Amino acid sequence: MMIYGADSWFLLCLWNKEATAQRMLEEVQTGKSHLVIPYPAVAETTKKLMQQGNPAERISTFWSMLESSKKIRFVPLEKTIAVEGARVSMTHGVPLMDALIAATAKLTGCHALFSSDSDMAVLAKKKYVTVKSW
Amino acid sequence: MKKRREKIMFTDVVKMGKKGQITLPKLVRDEENYRDGDEFTLSQMPGGDLMLHKITEKTPEEKLLDFLETVPKFDWRKAFREIEEERNRER
């Protein structure tokens, strides 16, 4: 069973029913994969969905539906992750948001993080996390 | 979740057992992925025909995909580029 971390990029892909994101959700459904969603990615995605004119209720339904899956775990930004995120940001010179999301994936044992962010690619190059995009 | 492929109409003769039991042909069970313990609704039509319908509880992931059919789409690549720019401003 694979565990994947979701950056905001993946969540936006999913909202838009992009084919690969949809396939990943199908993998989650069959139990082949589990998904980890970091709280900072929830905040970022919510803001973007609001900017796109989506009503709060619709966005809230999206999160509730993801939460209702036993194979999807929302991970709060707790102290260990926050401190690790700060360290990664400092050490590798990446923005704090990227570092917090990557740290969440790392500390929750994700096999890969779904992201197309160029700074995530830097962290992948430095072998901090494995990054997948399409 | 899998897309159903086009199906042809299927007709077969089945025999009722002593307690009114009828066995669904294997071809149909395999095709529809019916398993022991699956529940069905049986409806009698006005003309007397019987209609069998499998009761399915959708998974949370299926419900999510149904929900996503109803939401307006946008240029998510552009949206993520904006997120990336915002992240970089806070570097």
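1. Chain A holds an open sheet of five strands, in the order E3-E2-E1-E4-E5, with parallel pairing. The edge strands are E3 (72-75) and E5 (131-132) of chain A. Each of these two pairs on one side only. Please read all of this as a predicted model.

2. Take the pairing of E1 with E2 in chain A. Strand E1 covers residues 2-6 and strand E2 covers residues 33-38. Four bridges link them, in the parallel sense. Two of the partners are worth checking on screen. Ile3(A) has His34(A) as its bridge partner in E2(A). For Gly5(A), the partner in E2(A) is Val36(A).

3. E1(A) also pairs with E4(A). Strand E4 of chain A spans residues 112-114. It runs parallel to E1(A), and three bridges join the two. Which residue of E4(A) stands opposite Ala6(A)? Phe114(A) does.

4. Next, the helix on this sheet. Helix H1 of chain A, residues 8-15, lies across E1, E2, E4 and E5 of chain A. H1(A) runs at about 95 degrees to E1(A).

5. Helix H6 comprises residues 96-107, and helix H7 comprises residues 118-125. Their axes come within 10 Å. They cross at roughly 50 degrees. Why call the pair oblique? Angles of 65 to 115 degrees count as roughly perpendicular and those under 35 as roughly parallel; the crossing is at roughly 50 degrees, so H6(A) and H7(A) are oblique to each other. The crossing is right-handed.

6. Which residues make that contact? H6(A) supplies Asp98(A), Ile101(A) and Ala102(A). H7(A) supplies Asp119(A), Met120(A) and Leu123(A). By class, the contact has four nonpolar residues and two charged ones. No polar residue takes part.

7. Now chain B. Its secondary structure comes to three helices and two strands. Along the sequence the pattern is α-β-β-α-α. The radius of gyration is 23 Å, whereas the globule rule gives 12 Å for 91 residues. The value is well over the rule, so chain B is more spread out than a compact globule.

Note on methods
Residues are numbered from 1 along each chain as its sequence is written. Chains are lettered from A and ligands numbered from 1 in the order in which they are written. This is a predicted model: local features need pLDDT of at least 70, side-chain atom pairs count only at pLDDT 80 or more; totals for chains, interfaces and linings use all residues. Side-chain values use heavy atoms; hydrogens and water are left out. Axes are lines fitted to C-alpha atoms, for helices over the stretch in contact, and angles run from 0 to 180 degrees between N-to-C directions. Angles under 35 degrees count as roughly parallel, over 145 as roughly antiparallel, 65 to 115 as roughly perpendicular and the rest as oblique. A crossing is left-handed if the near helix is turned anticlockwise from the far one by less than a right angle, and right-handed if clockwise. Contact means heavy atoms within 4.5 Å. Ala, Val, Leu, Ile, Met, Phe, Trp, Tyr, Cys and Pro count as nonpolar, Asp, Glu, Lys and Arg as charged, and the others, Gly among them, as polar. Two strands pair if DSSP finds at least two bridges between them. The radius of gyration is taken over C-alpha atoms; the globule rule is 2.2 Å times the number of residues to the power 0.38.
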